[in-house]
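Subject: Structure handover

Hello,

Here is the structure I promised you. Please open it first, then read my notes beside it.

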Amino acid sequence: MQDPRFKVANREAIIGIVLVVVNFAIWYGFAYGLGSKDPSEYTYIASFPAWFFYSCIAGTIFMIVLIWITIKLFFKNIPFDDGREEQ
Amino acid sequence: MIHWSVIIPLFIFLIIIFAIGFWANKQVRQADSFLQEYFLGGREMGGFLLAMTMMATYGSASSFIGGPGVAYNMGLGWVLLAMAQLPAGYFVLMILGKKFAIISRRYEAITLIDYLKKRYDSNVVIILSAISIIVFLFASMTAQWVGGARLIESLTGLRYPVALLIFAVTVLVYVTIGGFRAVALTDAMQGTVMIIGTVILLIGTIIAGGGIENIMTSLAEENPQMLTPFGSDGSLTPLYVSTFWILIGLGVVGLPQIAVRAMSYKNSQSLHRAILIGTIGIGTIMFGMHLIGVLARPVLPGIEVGDKVMPLLTLEVLPPILAGIVLAAPMAAIMSTVNALLILVSSTFVKDIYLHFINPNASEKQIKSRSFWVTTIIGLAVVFFALKPPEFLIWLNLFAFGGLESAFLWSVVLGLYWKKANKYGSVASMITGLTLYILIDRLSPHIFGMHTVTLPILVSFVVFVVVSLATQRRAS
């Protein structure tokens, strides 16, 4: 029979993959979506080129908040030792 | 010239590190299980410690010295590339996560090889893994060691052999006597120094450059390409930069020095906290240090050797004592990487080779003295090679990172999550990954416009799955 703790572990690993996909999409989308035109046409946010601001600054902060929420909502406390309950 | 204001903070830094080593040694002497304590810190790490030791082990000379130097020449595109490291903060811990923690406790595994040994039940897997770990990590240890000594040399004005000796004695003493616990505790301090140093230097550089707007205008005047994601010479294609996600983000799961940390923490809460703290830490350092490299260009134009950007900039924009603290950061990064590698190589010799093949019935006392001696001898050997690094070691170090990922990634991950994974698949994928990595590196490192590591990782995955499936009957 499969250890029920493994179900929790498997689900959290899948969440990890989903987060990376989201992370990559934001990073790639903003960087090359906004950054591919001629530099003279760039718009600037907080003195940084817009692509850089969204992809590297706002995107990173967004990911950190998203990770925090995900852990709060979906990550479970389980014991690691076999046959011993965690308080 | 000897810079006292820089030497004093570095000196205080070394004293604290020694103190931690001696304190940890007390724990080692009191522990019930020497092996578990010495090589794994008794599996007691909390969230903050886990996050810091992950981050400090991962962040090395290249994050503080090499990386900013390249960013100085490439512009914002290199910061974009560096941000591919963000997943190293959360992805590794989520993928290995609780499953690895449970399984490694069940197997009573103390090293990554222990886990592979029990999972695949094959001596070939053990030998292949032990050789890859020893060869690659010995080489990268030597390289980091040389980097550390060169840094001390350039900061303090001491001669290279003297600098090397100071660096080596410090690391050897606290790692040898204190084991993994000393490594993790000093990592926590070193990680903190790395983060604080990054923030101070970033602020100092922005002020010295007259604000970000000013700096961006100067960059655009010099070469507008510096502001694009494509690099100052347009060489950073989206595909090439994207494949760095595999090398420095996702593939990190397969690095033994990182994976071993994922079996050393206490409980679920430690893991949850470490994921958040680690991501914030890695994000801050990687973003900060690489952006500093770019911003340094108008502040301190005309530096020809990239590696000198960060030290010169620090001495230029910060008052002496602050400069000393900031320059302790790369020192900390190098030391915290070296100490992790040293204890890992030592555990490979003692646990995976000596205890497994040579003397399985060794007494606690024998294991203890062997562990201290092995750690010391490896350390001294590294010092010896670092005095005059042979070409061959430098060459090996170049692909230590990707080579280890190609060798271990799938054996670790599929071993955890795929029931049908077996020893034939594991051996085949290790050999394929390593050989292909070295071949591509030699023949055509930018094959199809991708980073060297991409194909070996993809191909070794396919090989692993196909061979495992084809040998199902033989394995059962």
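A word on helices before the notes: the expected span of a helix is 1.5 Å times one less than its number of residues. Helices (H or I, at least four residues) and strands (E, at least two) are DSSP runs, numbered from the N terminus.

This is a predicted model, where local features need pLDDT of at least 70, side-chain atom pairs count only at pLDDT 80 or more, and totals for chains, interfaces and linings use all residues. Residues are numbered from 1 along each chain as its sequence is written, while chains are lettered from A and ligands numbered from 1 in the order in which they are written.

Start with H20 of chain B, residues 454–470. Its 17 residues should span 24 Å at 1.5 Å a residue, and the end C-alpha atoms are 25 Å apart, which agrees. Several residues of H20(B) are buried: B:Thr454, B:Pro456, B:Ile457, B:Ser460, B:Phe464 and B:Ser468. Buried means that 20 or more other C-beta atoms lie within 10 Å of the residue's own; 12 or fewer is exposed, in between is partly exposed, and the C-beta atoms are placed from the backbone. The buried residues of H20(B) pack against H11 (238–250), H18 and H19 (423–443) of chain B.

Now take H3(B). Its twelve residues should span 16 Å, and its end C-alpha atoms are 17 Å apart, so the two agree. Eleven of the twelve are buried, so H3(B) is largely enclosed by the rest of the structure. Among the buried ones are B:Gly47, B:Leu49, B:Met52 and B:Tyr58. They pack against H6 (87–106), H9 (160–208), H12, H13 and H15 of chain B.

**Helix pairs**

Two packed helices are described by the angle between their axes and the distance between the axes. Axes are lines fitted to C-alpha atoms, for helices over the stretch in contact, and angles run from 0 to 180 degrees between N-to-C directions. Angles under 35 degrees count as roughly parallel, over 145 as roughly antiparallel, 65 to 115 as roughly perpendicular and the rest as oblique.

At what angle do H8 and H18 of chain B pack? The angle between H8 (residues 123–156) and H18 (residues 400–417) is about 160°, with their axes 9 Å apart. The two are therefore roughly antiparallel to each other. From H8(B), the residues that meet H18(B) include B:Ser132, B:Phe136 and B:Leu137. Those on the H18(B) side include B:Gly403 and B:Leu404. Contact means that the C-beta atoms of two residues, placed from the backbone, lie within 7 Å. By class, this contact has six nonpolar, three polar and no charged residues. Ala, Val, Leu, Ile, Met, Phe, Trp, Tyr, Cys and Pro count as nonpolar, Asp, Glu, Lys and Arg as charged, and the others, Gly among them, as polar.

The axes of H4 (residues 61–74) and H15 (residues 320–358) of chain B come within 7 Å and cross at roughly 125°. That makes H4(B) oblique to H15(B). Here B:Ala61, B:Ser63, B:Phe64 and B:Ile65 meet B:Ala329, B:Pro330, B:Ala333 and B:Ile334.

**Single residues**

B:Ile134 lies in H8 of chain B. With 17 C-beta neighbours inside 10 Å, B:Ile134 counts as partly exposed. B:Ile134 and B:Leu344 are 210 residues apart along the chain, yet their C-alpha atoms are separated by 8.9 Å.

B:Asn267 lies in the loop between H12 (256–259) and H13 (268–299) of chain B. Is B:Asn267 buried or exposed? B:Asn267 is buried, with 21 other C-beta atoms within 10 Å. B:Asn267 and B:Gly46 are 221 residues apart in sequence and 7.7 Å apart in space, C-alpha to C-alpha.

A:Ser47 has a phi near 70°, a positive value in a residue other than glycine. A:Ser47 sits in the loop between S1 (44–45) and S2 of chain A.

**Where the chains meet**

41 residues of chain A are in contact with 41 residues of chain B. On the chain A side, the largest share, 18 residues, comes from H1(A). The residues of that side divide into 27 nonpolar, nine polar and five charged.

Best wishes
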